[in-house]
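Open your viewer and get ready to select a few residues. We will take this tour one stop at a time.

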Amino acid sequence: MKKVLENKTVFITGTARGIGKSLVEVCAAHGANIIAHARKEDVGHKEFCEKISEENGIRIFPSYFDLTDQGAVKNAFKEICALKISVDGLVNNAGIGGNSLFQMTRMEELREIFEVDFFGPYFLTQCIVKLMLRQKRGSIVNISSTSALDGNSGKTAYGSAKAALLTMTKCVAEELGTSGIRANVICPGVTETEMIKEMPEYIIDIERDATYLGSLAKTDDIAKTVVFLLSDLSSYITGQVIRVDGGKTLYRKRKN
């Protein structure tokens, strides 16, 4: 297998579980060195990073900070600069969900979701882009959601924050394209992660039946698409929104 990320370093947020964990595994398998962010320092996360690093012969730099704390983000950025390595890719994957109807959504909940799912990635991207501008190259991949596109019931706050991230991506792509920096966004459908434990079983069944493939996404389905966008295989792709949702239809029942 050709290692399409060989000699590249990728910064991935939210690597302690779910899609982020798969991103580390798949990017490492494709030869990338990785800055693996998690919110809290954890022995299990460190051991995971060491294991993946050893198995793939690459370097992994664990980085621990709260995305909503700008001071902590600045300190983490200084630590990355001190490593004196290039940052060829950034994947804004970290995020939190939310399930509440529009009329039942508290402002505190709305602000919390926007802090983690939009403001945090926005500020982190501003920092990492400084390095990319010096290098005259870089690929940014933001993980949004089909909720940003489809307007799902109970997803007003989450979908709105992810829609803001989507718009940010397109603006970054236009502003920084001539500087060699690409930005794209992936909108996963319902994916088999810990986040779906918050969803009622009947909703999960409906979402599964609403796909052309009749299945939910696996985390590595998302990760493999991210690898494509980080690599030179997508060198002329920027400002794009890619749905990775099994061909989800707005009709709530798949027709056989």
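Which helix gives the most to the lining of the second largest pocket? Select helix 6, which supplies 6 residues there. A helix here is a DSSP run of H or I with at least four residues, numbered from the N terminus.

Before moving on, note that this is a predicted model, where local features need pLDDT of at least 70, side-chain atom pairs count only at pLDDT 80 or more, and totals for chains, interfaces and linings use all residues. Residues are numbered from 1 along each chain as its sequence is written, and side-chain values use heavy atoms, leaving out hydrogens and water.

Stay with this pocket and select the residues that line it, including Tyr122, Gln126, Thr167 and Cys171. Helix 4 also supplies at least two residues of this lining.

Next, visit the largest pocket by selecting Gly95, Ile96, Tyr158, Thr193 and Met195, which lie nearest its centre among 49 lining residues. Then show helix 1 (18-29) and helix 7 (201-209), among the elements that each supply at least two residues of this lining.

For the last stop, select Thr225 in helix 8 (residues 219-230). Is Thr225 buried or exposed? Thr225 counts as buried because its relative accessibility is 16%, and buried means under 20% relative accessible area with a 1.4 Å probe, protein chains only. Finish with Ile186, Ile242 and Val244, which Thr225 touches, not counting residues up to four places away in sequence; contact means heavy atoms within 4.5 Å.

Notes. On a 1 Å grid over the protein atoms alone, a cavity is a set of points where a 1.4 Å probe fits but cannot get out, and a pocket is an open set with protein on both sides within 12 Å along at least five of seven lines; lining residues have an atom within 4 Å of a point. Buried means under 20% relative accessible area, exposed over 50%, partly exposed in between (1.4 Å probe, protein chains only).
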